[in-house]
Amino acid sequence: QVQLVESGGGLVQPGGSLRLSCVASRSLFNIVHMRWFRQGPGKERELVAAITSGGSTNYVESVKGRFTISRDNAKNTMYLQMNSLKPEDTAVYYCNVKGWTSGTLVDSWGQGTQVTVSS
């Protein structure tokens, strides 16, 4: 099975930047999509950003122009670059990858990493 390890979370001031990384334990063949979710205090989990195997990207309206999702296939890694952070971005962020490995379609999730935006 594929395990995802996240890093890059932490405490940052409003207007600051963070880059989240998500490293897969093995390469996936024909990735369907890579996604970042987040869940803020007292809120339900929401989709933040997604990128397909063809490179098409989508973002929730609240982060457009500030967040960028990307991938590095050679490193089995995807990223979420977060700029101009706001207090409302405070949440636990989760990475999600769906793709093929060992002849099986898998849907893997990271453990989550805390992002806190505060003065």
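**Entry 1: surface patch**

I began with a nonpolar patch on the surface, formed by Phe29, Val32, Trp100 and Leu105, with about 380 Å² of accessible area together. Accessible areas come from the Shrake-Rupley method with a 1.4 Å probe, and for residues only the protein chains shown count as cover. A patch here takes residues with over 30% relative accessible area and no salt bridge; nonpolar side chains (Val, Leu, Ile, Met, Phe, Trp, Tyr) are joined within 5 Å, like charges within 9 Å.

I noted that this is a predicted model, in which local features need pLDDT of at least 70 and side-chain atom pairs count only at pLDDT 80 or more, while totals for chains, interfaces and linings use all residues. Residues are numbered from 1 along each chain as its sequence is written, and side-chain values use heavy atoms, with hydrogens and water left out.

I looked up Phe29 and found it in strand 4 (residues 29-39). Strands (E, at least two residues) and helices (H or I, at least four) are DSSP runs, numbered from the N terminus. Phe29 is exposed, at 58% relative accessible area. The cut-offs are over 50% for exposed, under 20% for buried, and partly exposed in between (1.4 Å probe, protein chains only).

**Entry 2: salt bridges**

I looked up the salt bridges (a side-chain nitrogen of Lys or Arg within 4 Å of a carboxyl oxygen of Asp or Glu). The count is four.

Arg38 pairs with Glu46 at 2.7 Å, N to O. Arg38 is buried at 6% relative accessibility, whereas Glu46 is partly exposed at 29%.

Glu61 and Lys64 form another salt bridge, at 3.1 Å. Glu61 is exposed at 60%, and Lys64 is partly exposed at 46%.

Asp89 and Arg66 also pair, their closest N and O atoms being 2.8 Å apart. This pair links distant parts of the chain, 23 residues apart: Asp89 lies in the loop between strand 8 (77-82) and strand 9 (91-101), and Arg66 in the loop between strand 6 (57-59) and strand 7 (67-72). Asp89 is buried at 1%, and Arg66 is buried at 10%.

I also noted a network of salt bridges that links Arg38, Glu46, Arg66 and Asp89.

**Entry 3: core**

I then turned to the largest nonpolar core, which has 28 residues. A nonpolar core is a set of buried Ala, Val, Leu, Ile, Met, Phe, Trp, Tyr and Cys residues joined through side-chain atoms within 4.5 Å. Trp36, Phe67, Leu80, Met82 and Tyr93 have the most contacts inside this core.
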